[in-house]
Structure formats: C-alpha cells, structure tokens
Amino acid sequence: MVTHDLRTPLSVVRGYLDLFAEKSRNGHRLPLAEATAQVERLDQLVDRILASVKEDRPDINVRRTRFDLRAGLGSAVREMGPMARKHTLRGPRAGAPLWARGDKRRTAEVVAGLVHNATKYAPAATAITVSVSKEKERAVVRVTDEGPGVRAEDRRRIFEPFVRLGSDEISGAGIGLFSCRRVAEAQGGALWYEDRANGARGSVFAFSVPLARADDR
C-alpha cells in the first residue's frame, strides 16, 4: 500500500516535469506550485507511515468531515492532468454541491489511484472519465476508461493484494486496487467493478461515499 500511495503523487510530479521540459522550450510559465504541492503530499505520506508503524494494529485512518464531493473531484481531476496527459481526462459535470461525509483527501487519493490504474491499461489518446451520482443514501464515483476491460473470471481477484493483470511491461506491484478498496471501506463505502453500458469496450471502477446529513460537520 505504501508503494502504491507513493507512486501516484510521483506520477503527477513526473508528468509536471515532462510538461516543464516542453513549456521551457516555448517560453511559457512553468507551473512549479503544482509540482511543489505533490512533494508536500509525499512529505505528509511519510509522516503517516511513521505514525502507523508505531501502532500495534496499523489501520487506515480517515478523518470524516462534511465536504462537497463534486467540487473535490473537480480539483482532483485538475491535479491529475499531467499524470494522464497521454489520455483525455474528463471530470464530473458541473452542478449543485453534493455533500458527502468522509475524508476529502483520502477520497481524492482513491480517485487518483483509479485514474492511475486506467492510464496503465487504456490506450493512449482514449478517454478516462470521472463522474459522480447520488444513489439513495450514498454518492457513487465512477472512473470509466476505454481499455480492454477485465475478464469475468478475474473480477473478484483484482481487488486482492499482489494481483496484476496484463503483460510484464505494465508497471506496478498489484497493490493499487487493494489499497483503494481498503480506503473506500474505511470511510463506510465500497469499491467494485462494472461493465460499461451498451456493451462498450472498457472498464468502470466505482466506489461509494456516504452522504452527509444536514447536521454533519
């Protein structure tokens, strides 16, 4: 889980550095603040690792607050742009606030993990779409790609640790989806796989976040 959590912000930093190389040749302003923010995320992650190893049972710690899930997803998608720069990354549609109760930062990390996973399997120049909907007493976030999809016989085990599909050329230790699932469950939600509608090619990874009540803070 540490390997996966470190890899996602590092991928964003690497994307920005690639962007810096292109921008510098064309005389554009370099977005250094965004890269610096990712480094700060890594510093915070190290602090969490050090805190967790001091505990007898290092569970996933989440800080539940009331937050606008739609706005949070929009910010997360903008932040992940450089990581998915070989794809067309689309965020949720604009709309009224969708108030959820969970850990805003950890929710963004789940989205980042799912988008990072999609960039590894979906062909370049295809679309990766992040959407959100309200379903009864929960909000459901979906990350849809146009990759090869997941075979029916593999769908149960992809959320287990150290399970990797595809060729050896695809990077990773097989911990990403397992990590995302644990965070989703720690917030009182779940993570699962869906087929795309109308038999379209690709995958949909969805996770739920409890909706906030009017008296939540």
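Mentor: Start with a term: rings of Phe, Tyr and Trp pair if their centres lie within 6.5 Å. Keep in mind that this is a predicted model.
Trainee: OK. How many aromatic pairs does a search of the whole structure find?
Mentor: The search finds 2. In one, the ring centres of Phe159 and Phe205 are 6.2 Å apart. Their planes sit at 80°, so the pair is edge-to-face.
Trainee: Where in the chain are Phe159 and Phe205?
Mentor: Phe159 is in the loop between strand 5 and helix 5. Phe205 is in strand 7, 46 residues apart from Phe159.
Trainee: And what does Tyr193 form with Phe205?
Mentor: An edge-to-face aromatic pair, 5.2 Å centre to centre, with 75° between the planes. Tyr193 belongs to strand 6, 12 residues apart from Phe205. Phe159, Tyr193 and Phe205 make up one aromatic cluster.
Trainee: Is Phe205 buried or exposed?
Mentor: Buried, at 5% relative accessibility. Phe159 is buried too, at 9%. Tyr193 is also buried.
Trainee: New topic. How many residues are in the largest nonpolar core?
Mentor: It has 42 residues. Leu69, Met80, Leu114, Val115 and Phe207 have the most contacts inside it.
Trainee: Which helix gives the most to this core?
Mentor: Helix 4, with 6 residues.
Trainee: What is Met80 in contact with?
Mentor: Leaving aside neighbours within four places in sequence, Leu89, Val111, Ala112 and Val115.
Trainee: Last one. What lies over the face of Trp99?
Mentor: Arg66, at 4.3 Å from the ring centre.

Key. Residues are numbered from 1 along each chain as its sequence is written. This is a predicted model: local features need pLDDT of at least 70, side-chain atom pairs count only at pLDDT 80 or more; totals for chains, interfaces and linings use all residues. Side-chain values use heavy atoms; hydrogens and water are left out. A nonpolar core is a set of buried Ala, Val, Leu, Ile, Met, Phe, Trp, Tyr and Cys residues joined through side-chain atoms within 4.5 Å. Buried means under 20% relative accessible area, exposed over 50%, partly exposed in between (1.4 Å probe, protein chains only). Helices (H or I, at least four residues) and strands (E, at least two) are DSSP runs, numbered from the N terminus. Contact means heavy atoms within 4.5 Å. Rings of Phe, Tyr and Trp (its six-membered ring) pair if their centres lie within 6.5 Å; planes under 30 degrees apart count as stacked, over 60 as edge-to-face and the rest as tilted. A charge sits over a ring if NZ of Lys or CZ of Arg is within 6 Å of the ring centre and within 35 degrees of the ring normal.
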